[in-house]
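Dear colleague,

I am handing over the structure below, and the notes after it set out what was found. Please read them with the model open beside you.

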Amino acid sequence: MALVLDILSWLLLSAGGFFVLSGGIGALRMPNFYTRMHAASLTDSAGSILILLGIILQAGWSLPTIKLAAILVFLLLTGPTATYALANAALLSGMRPEAAVRNNVAGDAPE
Amino acid sequence: MRRSVRSALLLTLLLVIAWLFWSGIYKPLLLWLGALSCVLSVYLAYRVGFFDRPTGLHVLPRLPRYWLWLVGEIGRSSIDVCRIVLHPRLPIDPRVVELRAAPQGPVGQVILSNAITLAPGTVTLDLHDGNLLVHCLTPSSAQSLTSGPGNRLSAELTTG
């Protein structure tokens with residue numbers, strides 16, 4: 001049983017590490033500010049969820065598990081808030097995303 | 001008035017539970033200090049007007065189902081974005097989509113826009129008067145945003 005938990009937790013930790021790594025690669029490869037943010041959100045959400053779940057499996061049923069779960073919840077609440085602050089500040093200070101605003105997703109003609 | 005008293009009691013209960021879990025040391029002195037800090041926190045929340053508006057505490061029991069859907073969404077779109085990032089040609093086609101938020105209150109709209117930002121491939125740029133401006137990495141992420149159930153689920157989470 002302990003072995004199964006260990007294997008599962010290592011799988012989660014490795015997958016989380018993979019997402020963090022590809023988030024970093026994406027932040028370097030993407031061409032501009034707004035697209036870089038998408039890559040960073042890989043690290044923010046998938047990376048932090050998988051890594052913290054992996055650590056929780058290592059901690060077992062104890063108080064640290066509850067604290068780790070709380071850390072996960074707070075990360076998932078504050079991460080997108082910080083991202084919004086960053087994106088909104090960029091938008092309001094006049095950095096326009098290249099793509100035109102479209103209401104219809106499929107349509108190609110910019111308004 | 002009744003509603004604000006109820007949410008004050010609920011907030012106190014949540015703070016007490018959180019304090020008991022954080023501390024792990026249950027000596028009389030620390031228990032008193034914990035009770036004092038819980039009461040102080042509720043008083044400060046009252047002073048900054050937390051109970052004047054709808055607090056959003058009523059969504060708590062419905063959150064697990066919403067989170068389950070959100071985790072599935074994050075997993076799916078993480079794999080999509082990962083594939084794009086590691087693709088040799090980097091096949092992105094970013095676009096900005098306007099979306100009318102289905103949730104009426106500010107709490108539901110914030111939950112919706114945070115959920116959109118959490119899912120990789122979509123970032124909320126602006127939320128104003130219930131109109132969301134969302135930056136999407138690919139047409140398919142824009143498609144799943146506008147036709148997916150996220151907007152409706154966020155509205156169901158917070159209404160009633």
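**Findings**

In the hairpin of strand 2 and strand 3 of chain B, which has two residues between the strands, D129(B) takes a positive phi near 50 degrees. Helices (H or I, at least four residues) and strands (E, at least two) are DSSP runs, numbered from the N terminus.

This is a predicted model, in which local features need pLDDT of at least 70 and side-chain atom pairs count only at pLDDT 80 or more, while totals for chains, interfaces and linings use all residues. Residues are numbered from 1 along each chain as its sequence is written, and chains are lettered from A and ligands numbered from 1 in the order in which they are written.

To stay with the strands of chain B, strand 2 (residues 122-128) pairs with strand 3 in the antiparallel sense over six bridges, where pairing requires that DSSP finds at least two bridges between two strands. Within that pairing, D126(B) has L133(B) of strand 3 as its bridge partner. Strand 1 of chain B also pairs with strand 3 of chain B in the antiparallel sense, over six bridges, and here R95(B) has C136(B) as its bridge partner. Five of the six residues of strand 3 (residues 131-136) of chain B are buried, so this strand is largely enclosed by the rest of the structure. A residue is buried if 20 or more other C-beta atoms lie within 10 Å of its own, exposed if 12 or fewer, and partly exposed in between, with C-beta atoms placed from the backbone.

The largest nonpolar core has 48 residues, and those with the most contacts inside it are V97(B), A115(B), V134(B) and L145(B); such a core is a set of buried Ala, Val, Leu, Ile, Met, Phe, Trp, Tyr and Cys residues joined through C-beta atoms within 7 Å. Helix 2 of chain A gives the most to this core, with 12 residues. Leaving aside neighbours within four places in sequence, V134(B) is in contact (C-beta atoms, placed from the backbone, within 7 Å) with residues including V96(B), V97(B), I116(B) and L145(B).

Helix 6 (residues 150-158) of chain B has G150(B), N151(B), L153(B), S154(B), L157(B) and T158(B) as its buried residues. Seen down the axis of helix 6 of chain B, these fall within an arc of 165 degrees, taken over the directions from the helix axis to the C-beta atoms, so they line one face of the helix. Their cover includes helix 3 (63-86), strand 1 (95-100) and helix 4 (106-118) of chain B. L112(B) is found in helix 4 of chain B and counts as buried, with 25 C-beta neighbours inside 10 Å. Leaving aside neighbours within four places in sequence, the contacts of L112(B) are A101(B), P103(B), G150(B), N151(B) and S154(B).

As for the two chains together, 33 residues of chain A are in contact with 33 residues of chain B. Helix 3 of chain A gives the most to the side of chain A that touches chain B, with 11 residues. Chain A itself has three helices and one strand, which run α-α-α-β from the N terminus on, and buried residues make up 30% of its 111 residues.

With best regards
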